[in-house]
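Q: I'm new to reading protein structures. Could you take me through this one, feature by feature?

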Amino acid sequence: NISLSPIPQIVTNAGVLNQTTLGFNAFGVAGSGTEGVATFSQSWNEVGIITISASTANFMNSGQAVTGSKTNVGRFIPNDFSISITDDFLPQCTGFSYSGFANGTATLDKTGQLDNFGFTVTARNLAGNTTVNYQGNFAKLEAGTISLSPYNVDTAAAASGTLNHTLSAVSFTAGVANISEQNIHYQFDNLLAPFNLRLDLDATDSDSVNGTISSASVLQRLGRIQLTTTYGTELQPLEMPVFTEYFNGSDWVVNSLDNCTQFDATMASFVAGSYQGDLSPGDISATLPSAATPSTLTSGATTPGDGIWFSAPGAGNSGEVDIMLDLSSMGWLVFDWDNDNINDNPTATLGAGNYRNSDRIIYWKER
């Protein structure tokens, strides 16, 4: 027999040839037209370029050792990529994520809630085993050949908006790469109803070796936050309720799924030049909730006691002032409130010194 063996140019895994011996009866006999020639199929279970060496210690029972080799056989490539999810696409609020917005007007752009999508890519041979030599110069999957596309599960079609994301470095070790699509957020391209967003991943290297996978779907809602205009006596602390809304396709309604949005008194500020009556800067301050223990919305709104609290301005300090909530940490909740094509923080009026009725009234609140 003639022994056959592979010698990889880059020795990581020598791999296995499917045919490692060749009998002399495989060669053409005299008069066949293929005298001295053996034709057979050969495969290798690895990736790379190899030299196939053939040797026999007793050629034709002559007692002579004969060797030969064929260099630069290949390049062998994987059969496919197997992709598994390590960090799935998930809701960033309670059962949904707030999306962003981008309709071509730069001043209306807003970022949605961010998430990551992690996955493992494994290069495989035809038998489904890992080709560990798929690394270094033999690994041809690069960032530019991995795509992530938004898919609208509800309409069974590509989503019309923009999917923003950043791909981490792509580096294979022993045929496996751990990769992450980071800072993912979807932006609606118009005022549209919520829908379930799925991420479709396609990994195709320069040799057309391919693998695909899809994420879980996440409900996307276009949202905004509002403060409630509040009036009360100047002799007691005042509470300003807060609530969030989402666009349902035709109107803005309270976002009853929102049990995640948080805020504190440090986010509230007094709009300069908005003081009226006897109320002056310094007469009133935002006191609660503290940054250490922020308030969290319940079913899209504050419950009594969980709003933004302001100190009592005191007797003789009646008047009004506009309150603004800084959403720099929650950009997905800003909105163009004055229709000037520029996103705004929400504002509402706080009034102190209105008629407080009788002390026999235990609780008085305007809804």
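Predicted model: local features only at pLDDT ≥ 70, side-chain atom pairs only at ≥ 80, totals over all residues.

Q: Is Phe-81 buried or exposed, and why?
A: Phe-81 comes out at 5% relative accessibility, so it counts as buried. Phe-172 gets the label as well, because its value is 6%.

Q: How do I describe two aromatic rings sitting together?
A: You give the distance between the centres and the angle between the planes. By the rule used here, the model has 14 aromatic pairs. Take Phe-81 and Phe-172: their ring centres are 6.4 Å apart and their planes are at 25 degrees, which makes the pair stacked. The two come from distant parts of the chain, 91 residues apart. Phe-81 belongs to strand 5 (residues 80-87), while Phe-172 is in the loop between strand 11 (162-167) and strand 12 (176-188).

Q: What does an edge-to-face pair look like in numbers?
A: Look at Phe-188 and Phe-195: 5.6 Å from centre to centre, with 90 degrees between the planes. Both of these residues are buried.
Rings can also gather in groups. Phe-247, Trp-252, Phe-335 and Trp-337 make up one aromatic cluster.

Q: Which rings does Arg-221 lie over?
A: Let's take them in turn. The charged end of Arg-221 sits over the ring of Tyr-246, 3.7 Å from the centre. Arg-221 also lies over the face of Phe-96, and there the distance to the ring centre is 5.7 Å.

Q: How do I read a sheet?
A: Ask which strands are in it, in what order, and which way they run. Here's a case: 3 strands form an open sheet in the order 16-19-20, with antiparallel pairing. Its edge strands are strand 16 (223-227) and strand 20 (252-254), and each of them pairs on one side only. From one strand to the next, the twist averages 35 degrees.

Q: How many bridges join strand 19 to strand 20?
A: There are 3 bridges, and the two strands run antiparallel.

Q: Which strands are joined to strand 12 by bridges?
A: Strand 7, strand 8 and strand 11 are among them. Strand 7 (residues 100-101) runs parallel to strand 12 and is joined to it by 2 bridges. Gly-100 stands opposite Gln-187 there. Strand 8 (residues 115-124) has 7 bridges to strand 12 and runs antiparallel to it, and Val-121 stands opposite Ala-177. Strand 11 is joined to strand 12 by 5 bridges, again antiparallel. In that pairing, Thr-166 has Gln-182 as its bridge partner.

Q: Now a single residue. Where does Glu-245 lie, and what does its side chain do?
A: Glu-245 lies in strand 19 (residues 242-247). Its relative accessibility is 9%, so Glu-245 counts as buried. The side chain of Glu-245 makes a polar contact of 2.6 Å with the side chain of Arg-224, and another, of 2.8 Å, with the side chain of Gln-226. Leaving out residues up to four places away in sequence, Glu-245 touches several others, including Tyr-98, Leu-222, Trp-252 and Val-254.

Q: What about Ser-62: where does it lie?
A: Ser-62 lies in the loop between strand 3 (48-56) and strand 4 (66-76). Its relative accessibility is 41%, so Ser-62 counts as partly exposed. The side chain of Ser-62 reaches the backbone nitrogen of Gln-64 at 3.2 Å.

Q: How far apart are Ser-62 and Asp-264?
A: Along the sequence they are 202 residues apart, and in space 93 Å, from C-alpha to C-alpha. Asp-264 is also in a loop, the one between strand 21 (262-263) and strand 22 (268-270). With 10% relative accessibility, Asp-264 counts as buried. Not counting residues up to four places away in sequence, Asp-264 touches Pro-289, Ser-290, Ala-291 and Pro-294.

Conventions. Residues numbered from 1 in each chain as written. Heavy atoms only, no water. Helix = DSSP H or I, 4+ residues; strand = E, 2+ residues; numbered from the N terminus. Buried < 20%, exposed > 50% of the residue type's maximum accessible area, 1.4 Å probe, protein only. Polar contact = N/O pair within 3.5 Å; in protein donor to acceptor, adjacent residues only side chain to side chain. Contact = heavy atoms within 4.5 Å. Phe/Tyr/Trp six-rings, centres within 6.5 Å; stacked < 30°, edge-to-face > 60°. Lys NZ or Arg CZ within 6 Å of the ring centre and 35° of its normal. Pairing = 2+ DSSP bridges. Axes fitted to C-alpha atoms, helices over the stretch in contact; angles between N-to-C directions.
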